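Have the model open as you read.

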Amino acid sequence: MRIVALDIVRFFAALSVVLYHLVSRPESDAYPLLSEVTQYGYLGVPLFFMISGFVIVFSAMNRSAMAFALSRFMRLYPTLWVGVVFTVFVTCMFADNSYSFSHVMSNLTLLQNSLGFDDIDGIYWTLKAELKFYLCIFLLIQFKLDFRFPIKRKFGQIA
């Protein structure tokens, strides 16, 4: 079962961040009236993370640690891989960048900084934060620490 209201709020949180970056950056003066509203779009980041954290806990309910890890892996990594490959392609073609094979491969793991490589695209910091949260939930499930809360009965399970 999905909580549609949370999906809608999460969509607007993400949209507010996008509009913040497009309209309210200090070097942009294209839409001054719109900027009065979008200047607060950065607040969508913590809101998005709070909602995602809430939903991820639901997705962990009644799953083994491995089932949870597999579902999160399949949700996160294929899209990451496409994004990294796209970024490498575009920056090599149009920005005259070049990357070593090891650099690209490390970025495909989200462990590039731990492996001694820079980020190919800094925007993936959000995925690193998500991965840390997934690890915390995985450990809670693996060590059978109870993280359920009473609201579960009202909303059911979210995939």
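## The second largest pocket

The second largest pocket comes in at about 180 Å³. (A pocket here is an open set of points on a 1 Å grid over the protein atoms alone, where a 1.4 Å probe fits, with protein on both sides within 12 Å along at least five of seven lines; lining residues have an atom within 4 Å of a point.) Volume is the space filled by probe spheres set on the points, which are joined across faces, edges and corners.

Its lining includes F68, R72, Y77, L131 and F138. α4 and α6 are the elements that give two or more residues to this lining, and α4 gives the most, with 6. Helices are DSSP runs of H or I, at least four residues, numbered from the N terminus.

## How α4 meets α6

Helix α4 (residues 65-94) packs on helix α6 (residues 125-142) at about 170 degrees, axes 9 Å apart. That makes the two roughly antiparallel (angles over 145 degrees).

## The largest pocket

The largest pocket holds about 690 Å³ of space. Of its 31 lining residues, F48, F49, T126, L127 and E130 are the closest to the centre. α3 (44-60) is one of the elements that supply at least two, and α3 gives the most, with 8 residues.

## About the model

This is a predicted model: local features need pLDDT of at least 70 and side-chain atom pairs 80 or more, while totals for chains, interfaces and linings use all residues. Residues are numbered from 1 along each chain as its sequence is written, and side-chain values use heavy atoms, leaving out hydrogens and water.

Note on methods. Axes fitted to C-alpha atoms, helices over the stretch in contact; angles between N-to-C directions. Parallel < 35°, antiparallel > 145°, perpendicular 65-115°, else oblique.
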